[in-house]
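Keep the viewer open as you read.

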Amino acid sequence: MLHRFIYSLAIIIILPSLAHAADSYTLTVSAGPTDRNQVPVSFQLPDIAQGPMRLVSDNNKELPLYIAGHYATFILPNLSANKTATYKLQPGEAKADKINLTREGNVLKISSADKPILTYQGDPKTPPQGVEAIFTRGGYIHPVYTPSGKLLTDDYPPDHKHHHGIWSPWTKTEFEGRHPDFWNMGQKTGRVEFVKLDDTFSSPVCAGFRTHHRMIDMTATPEKPAINETWDVTVYAPVASPKPLYIFDLQIHQECASQSPLLLPKYHYGGLGFRGNRQWAKTNCFFLTSEGKDRSNGNETKGRWCHISGKTDGELIGVAVFDHPDNFRSPQPMRLNPTEPFFCFAPSQDGDWEISPNKPYTARYRFIVADGGPDKDLIERLYNDWANPPKVEIK
């Protein structure tokens, strides 16, 4: 369920007392050694807490709370380093507008205050005129917009018709002695299919969904599934810290579809992919990594995050993509394409590995979308908010 994903976003310390009524609980949040500003925070609820609940500060300011099972999420306002904030956990529903999630078939659109944030394209999207049917694809995120409404991503670009906004196939593989390529669909050896949508949710704090894909080996007779993939996506309410930001998380979980492992030889791309706006030509696309590297020297290096930007309709916009420290081979190697607005976290750069029946693959990424260029100090603060979240205690 989605609560398993949200639970993993925060460090939790729980001191439950089942004899208390729900409205007697006090929640204490500790900032730790860094300042916090509009940070998504998750925690485990006491077992006795049931139904809609809300957080109320000492000055009676209410914070919306999203609850999934026994886990809850809220947006922490400003909290200085080494300080704490206390809230009452009370029954009741927050009076705040929800993030809007609409569904048309298997296409999900998420927006806030009538401003689009992103779309998940579950149903296979018909390729543009002139693009061969083999490139037909579903199961990816596009379009993504900035807070000012500018288009961030691209789909079916003419130079790489298999690129689709945000997607996650593998390229060089071995499966039962065959070599399907799930990335380069034009090779006609592998593809990724949308399977079904599962849970969706919408609240004043966040909205999101769970969806399922399948990687198909087209070289087998008959064709054979190699990997079952699950995405959990959480889109948070827009924040302004210090400028308007869209924040969303993607958790990818992949399991073998049979008792046969998927072998992944050393290769320079494959994994989480991002394709930027079509206007970002070779001289209009910029990269900055957590290690201070750019397009000229950052390809096939490692980093905790990478910021990709370019001018769209004359204005600079961009996205920072975070690699969670718990991910396999973190900080993961990166592909910074030298000529295209394309970025990839590619763990296969570090050498051969595999997804086996007893060893599934899980990876977590966070996206920070904003207008303007990279602010390294802000990106570092936001990365720390995610990798080292505030601590929560309940009494």
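## Around S57

S57 touches T86 and Y87, leaving out residues up to four places away in sequence; contact here means heavy atoms within 4.5 Å. A 2.3 Å polar contact also joins the side chains of S57 and N59. For that term, take a pair of N or O atoms within 3.5 Å, where within protein one must be able to donate a hydrogen and the other to accept it, and residues adjacent in sequence count only if both atoms are side-chain atoms. S57 counts as buried because its relative accessibility is 13%; the cut-offs are under 20% relative accessible area for buried and over 50% for exposed, with partly exposed in between (1.4 Å probe, protein chains only).

A word on provenance: this is a predicted model, in which local features need pLDDT of at least 70 and side-chain atom pairs count only at pLDDT 80 or more, while totals for chains, interfaces and linings use all residues. Residues are numbered from 1 along each chain as its sequence is written, and side-chain values use heavy atoms, with hydrogens and water left out.

## Strands

S57 sits in strand β4. Strands (E, at least two residues) and helices (H or I, at least four) are DSSP runs, numbered from the N terminus. Strand β4 (residues 53–57) runs antiparallel to β8, with five bridges between them; strands pair if DSSP finds at least two bridges. In this pairing, L55 stands opposite L89 in β8.

Strand β8 (residues 84–91) is also joined to β2 (residues 25–30), antiparallel, by six bridges. There, L27 stands opposite Y87.

## Cores

The largest nonpolar core has 54 residues, and I308 and F343 are among those with the most contacts inside it. A core is a set of buried Ala, Val, Leu, Ile, Met, Phe, Trp, Tyr and Cys residues joined through side-chain atoms within 4.5 Å. A second, separate core of 22 residues includes V239, L378, W386 and A387.

## Rings

There are 22 aromatic pairs, counting Phe, Tyr and Trp rings (six-membered ring for Trp) with centres within 6.5 Å; planes under 30 degrees apart are stacked, over 60 edge-to-face, the rest tilted. Y383 and W386 form an edge-to-face pair, 6.5 Å centre to centre with 80° between the planes. Both lie in helix α2 (residues 376–387), three residues apart, and both are buried.
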